[in-house]
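Please view the structure alongside the text.

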Amino acid sequence: MVQGKLPAVAGLVLVCSLVPAPATAADEREEILEQVRVVGTREAIYSIPGSAHYIDHENIRGLSYDDINRVLRRIPGVYVREEDGYGLFPNISLRGVDTSRSAKVTLMEDGVLAAPAPYSAPSAYYSPTTGRMDGLEVLKGTSQVKYGPHITGGVINYLSTPIPETATTFLRAPFGTDQDYRLHAYHGNTVDVDGGRFGYLVEAYARDTGGFKTIDSAPGFTNGGDTGFTNIEPMIKMAWEPDSQRYQRFELKLGYTDKKANETYTGLSTTDLRASPYRRYSASQFDNIDTDHVRGYLRHFISLSANVDVVTTAYFNEFARNWYKLNDIRAVTGGLSENLSLSAALAGAASGEGLSCLKGELACDLRVRANNREYSAAGIQSDLNYRFETGNARHKLNVGIRYHNDVEDRFQWQDVYSQAADGSITGVVAGVPGSQDNREAETSALALYVQDTITFGNWVIQPGVRIETLDLENRDYRPGRTNAQADLNLASGGLGVAYRLTPGLQVLGGLHFGFSPPGPGAAVSGLKEETSRGIEAGFRYTNDRGTWMVETVAFHTAFDDLIVVDNIGGTGSGDSENFGEVDAQGIEFSSTLDLARINHWGFGSEIYLTFTYTNAEQQNNAQSTNAESIFSFGAPGNEVPYIPRYQTSLGGSVDFERWGIEASASFVDETFTSASNVTVELNGVGEPDARFGLTDSYEILDISFYYRPTNHVKLFAGAHNLLDEEYMVSRQPHGPRPGIPQSLFAGIELNF
């Protein structure tokens, strides 16, 4: 069993920590601290023979972004399916993997797994809050074997605010449309004390908004304007660097999130979205999600010699949420006795009676599900970094081991509200807690990786391998259900190669084998792990002054046993399934041009351009026979749902001594929303379903201005979706959903 191997991990960490060594040079400190980053810096990208991107806090704050979807538009090869307009529940894909709930992307914060239960429940609808981040790193292709467990697409590492080296106080407070208030504040310092150096950071992030949608009024319900959310996130970090023969650093991080959102799965009919996109039907009046999240880590850095260092991190993650939301409708006047899915109702099923029920114009029953779940995760990981030379070659050998355990606990029930013909609620039958779902999924995983970055002459060669052993258990406490257990042994590897043709031009390429394991419930049912074979080739160029940077990469990834979610909430069986084979290929382009330095202007001016072309194509008939699944009835040659063929982003800034302007424009192509690639709202057997069809293509322009009255004060204002474009971003979870309308903001930033 994996659990029995935990002492081996602890033993390795202890042995590494006790190895005697000489003193460490002071400049080695930065080398050690960079080990917890995926990319490190923009300059470090040239040491990675694969696709890598880094976004710093200026790229996030410049346009006052708190939505991960908007930030990721700047990176090619990343596809996002928006859902709520604020980025609370992102659906992220890298290089053609299924977008559903970001389940195929390894999400980390400061090098630690961030999702609530990344093995047992990868589709848990989670993203760290972007607005409090100091940066963002993305890896795709051959350079991701150090990370897991989902490495068929890529890795995203969120970088939280670091402990400052000098006394720093920061406050940023934007105010905007829809009673949107945000506050990001922190104070920190690093000081010399007896016996070493002590650093600390105290941070608070908060946001409250009324939301941009309005719920239809009904007798007894008039609070339709409250469709927003509240998010409160305090965090503390402390670090201690003792005066010792070997450089050491102890770092503690503790964070908490209290988030409440009046969000819904229920969309609109296509007709209603075109006429009034920011409307919500009265039947969704009960919908809200309440989350509590506690997380943290204790990390130890130690330099064992001038060439060897070890970073060890023990971490935990406790996440609880109850999403109370409309699940389906029942007992429609027309004599319907079975439940009618929301997607069917939105597409006009049951002679339009289902839609009338949602609008509060017909007597019916509303079944609301309490998706009450708790997640826990904990683990310990240790990474050893050894720098040495063989002949003319320099090596940076990375060896890592991680033991991880996570659990998803579902304890759910359903309440049934009786609605009268005028939309008023006349009664409720409360469900018994645990009656709808009462089960646990648990995974224990032991992971090991080895990667060597070899540099000689103009060459960089990076071979690597990753091995994971998983014990998965599904425990079902409902009457008549049984428990089951499964084991998985997974392996991946890659080889990246880069060659510097000139001081500024580097060509790169590589081969990567990836995997993405199923959750326990699917694994015990015999579902296979998703695997991939990927190749990439391209080049990077930087001119001698560093004023023009270009990266172009062509990629091809062949997925086997692609894992997809049969449904998204309340429709279909709810099971994961192996979709089959998919080939994704395309071209990623990004460029940054520093116009001011090129032309020797007396002010700053930089522009960027990214472009992605992708053809994600099904290679077989879909295995699913469930007519309600958007992945059923697919055929060879069809496109994978929600992967746009074309997307591009263009932006730039002008910065004078006291004022400046920044703008970003994005285009996203339309997408099919089902594997069957139909353009009408009909599922695989011809029944009405609003999840089937197309999304809109759209263009979005964001803009921001700032003025600095003093060196420490910054006033800013701007707009997201400046041209107030109305567009459909998704037909999931249940029916068409709009992007956020024009949102104006203004605020103040203080930095001392």
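## Charges over rings

The charged end of Arg 172 sits over the ring of Phe 716, 4.0 Å from the ring centre. This is a predicted model. Lys 714 also places its charged end over a ring, that of Tyr 706, 4.7 Å from the centre.

## Aromatic pairs

The whole structure holds 22 aromatic pairs. Tyr 86 and Phe 229 make one of them: their ring centres lie 5.1 Å apart and their planes meet at 70°, so the pair is edge-to-face. The pair links distant parts of the chain, 143 residues apart. Tyr 86 is in the loop between strand 2 (78-81) and strand 3 (91-94), while Phe 229 is in strand 12. Both residues are buried. Together with Phe 212 and Tyr 278, Tyr 86 and Phe 229 form one aromatic cluster.

Phe 286 and Tyr 417 are stacked, at 3.9 Å centre to centre and 20° between the planes. Phe 286 lies in the loop between strand 14 and strand 15 and Tyr 417 in strand 19, so the pair ties together parts 131 residues apart in sequence. Phe 286 counts as buried at 17% relative accessibility. Tyr 417 does so at 12%.

## Nonpolar cores

The largest nonpolar core has 27 residues. Leu 326, Ile 329, Leu 358 and Leu 366 have the most contacts inside it. Elements that give it two or more residues include strand 16, helix 6 and helix 7. Another core, of 25 residues, lies apart from it; Ala 52 and Leu 113 are among its members.

## Thr 547

Thr 547 sits in the loop between strand 25 and strand 26. At 3% relative accessibility, Thr 547 counts as buried. Its side chain makes a polar contact with the side chain of Asn 543 (2.7 Å).

How values were computed. Residues numbered from 1 in each chain as written. Predicted model: local features only at pLDDT ≥ 70, side-chain atom pairs only at ≥ 80, totals over all residues. Heavy atoms only, no water. Helix = DSSP H or I, 4+ residues; strand = E, 2+ residues; numbered from the N terminus. Buried < 20%, exposed > 50% of the residue type's maximum accessible area, 1.4 Å probe, protein only. Polar contact = N/O pair within 3.5 Å; in protein donor to acceptor, adjacent residues only side chain to side chain. Core = buried A, V, L, I, M, F, W, Y, C linked by side-chain atoms within 4.5 Å. Phe/Tyr/Trp six-rings, centres within 6.5 Å; stacked < 30°, edge-to-face > 60°. Lys NZ or Arg CZ within 6 Å of the ring centre and 35° of its normal.
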